[in-house]
Amino acid sequence: MQHRDRETDRCCRMPGMLLGDIFPNFEADSTFGRMKLHDYLGDSWGVLFSHPRDFTPVCTTELGRAAQLSPEFSKRNVKLMALSVDSLEQHHSWSKDIMAYNNTEPGSEFPFPIIADDRRELVETLGMLDPEEKDQSGMPLSARCVFVIGPDKKLKLSILYPATTGRNFDEILRVIDSLQLTAHNRVATPVDWRPGNSVMVPPSIPETEAATLFPAGVYTKDLPSGKKYLRYTPQPNTHQQ
Ligand code: BEZ
């Protein structure tokens, strides 16, 4: 069996970016024209997501779903940006296929930009390559990477899927709801949380402070350990200071 030494495989190393880092203000060509990331985002949140290749089946279903959900992202003040190692010309042509796959009215515009990274500059710097999946010439394809960037241009979340597993864009919307709620309120969201569900009081908040911070009430579940860490409160509607 052939052994791969990933440490020496520069293009496939994990990215150095950590949550809270300022996302690189890259410049690139996209189906919406030349873009500079921070200017393009302005005061919005951003989701930058890569896909392996244009004209491939899983990617077509993913971008189709992202296009359907695009009004939901806009409602949340989120700008979507897709990216792959194909050219602008291919992106324009493929986006027509995606619209047809979605049965969208002929002539409708694809709702968000697709970035052309045919020189592989961004996928390499941002660590978006999947070493397990190669094109016909043996070059690694881009993985299914998701970066959520806040209005402060900091990285809020990253998810990395291999090329062979399609993402769930409803889940990406769900995490954005959690990220936006927890950006303004000192709460955390539990497993499978949905907007409107109760949220959790984080362990860092002492019991006395929790009572004043959450006037809607705090419910603490009794546990065999006797420790009072499982604390719920109704989802706050306002921005807590
Ligand atoms: C796809 O999008 O269908 C795909 C791309 C690369 C590897 C596997 C599947």
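This briefing covers the ligand site, the charged pairs, the aromatic pairs and some backbone details of the structure above. The model is predicted. It holds 15 salt bridges and 5 aromatic pairs.

**The ligand and its surroundings**

- Nine positions matter here: the ligand is surrounded by Pro52, Thr56, Pro57, Val58, Cys59, Glu133, Leu141, Arg144 and Ala163.
- By class, this shell has 6 nonpolar, 1 polar and 2 charged residues.
- Helix H2 gives the largest share of the shell, with 3 residues.
- Arg144 uses its side chain instead, where an N or O atom is 3.1 Å from a ligand oxygen atom.
- Pro57 has a backbone N or O atom 3.3 Å from an oxygen atom of the ligand.

**Salt bridges**

- Side chains of opposite charge can pair when their charged atoms come close.
- The structure holds 15 such salt bridges.
- One of them joins Arg65 and Asp170, whose closest N and O atoms are 3.1 Å apart.
- This pair links distant parts of the chain, with Arg65 in helix H2 (residues 57-75) and Asp170 in helix H5 (residues 169-184).
- The two partners are 105 residues apart.
- Arg65 has 30% relative accessibility, so Arg65 counts as partly exposed.
- Asp170 is partly exposed too, because its relative accessible area is 32%.
- Arg76 and Glu72 meet through their side chains in a salt bridge of 2.8 Å, N to O.
- Glu72 has 25% relative accessibility and therefore counts as partly exposed.
- Glu121 forms a salt bridge with Arg119, and the closest N and O atoms are 3.2 Å apart.
- Glu121 counts as partly exposed at 45% relative accessibility, whereas Arg119 is exposed at 66% relative accessible area.
- Salt bridges that share partners also join Arg53, Asp86, Arg120 and Asp135 into one network.

**Arg53 in its setting**

- Arg53 belongs to the network of salt bridges with Asp86, Arg120 and Asp135.
- Its place is the loop between strand S3 (45-50) and H2.
- Arg53 has 22% relative accessibility, so Arg53 counts as partly exposed.
- The C-alpha atoms of Arg53 and Arg174 are separated by 26 Å, and the two residues are 121 residues apart along the chain.

**Aromatic pairs**

- A pair of aromatic rings is described by the distance of the centres and the angle of the planes.
- The structure holds 5 aromatic pairs.
- Phe23 and Phe147 have ring centres 5.1 Å apart and planes at 65°, so the pair is edge-to-face.
- Phe23 lies in the segment before strand S1 (27-30), and Phe147 lies in strand S8 (residues 144-149).
- The pair therefore ties together parts that are 124 residues apart in sequence.
- Phe23 and Phe147 are both buried.
- Ring pairs also link Phe49, Phe110, Phe112 and Phe169 into a cluster.

- Most residues other than glycine have a negative phi.
- Asn77 has a positive phi, near 65°, and is a residue other than glycine.
- Asn77 is found in the loop between H2 and strand S4 (78-84).
- At 38% relative accessibility, Asn77 is counted as partly exposed.
- Asp192 also has a positive phi, near 60°, in a residue other than glycine.
- Asp192 sits in the loop between H5 and strand S10 (199-200).
- Asp192 is exposed, because its relative accessible area is 60% and the cut-off for exposed is over 50%.

Technical notes
Residues numbered from 1 in each chain as written. Predicted model: local features only at pLDDT ≥ 70, side-chain atom pairs only at ≥ 80, totals over all residues. Heavy atoms only, no water. Salt bridge = Lys/Arg side-chain N within 4 Å of Asp/Glu carboxyl O. Helix = DSSP H or I, 4+ residues; strand = E, 2+ residues; numbered from the N terminus. Buried < 20%, exposed > 50% of the residue type's maximum accessible area, 1.4 Å probe, protein only. Near = heavy atom within 4 Å. Polar contact = N/O pair within 3.5 Å; in protein donor to acceptor, adjacent residues only side chain to side chain. Nonpolar A, V, L, I, M, F, W, Y, C, P; charged D, E, K, R; others polar. Phe/Tyr/Trp six-rings, centres within 6.5 Å; stacked < 30°, edge-to-face > 60°.
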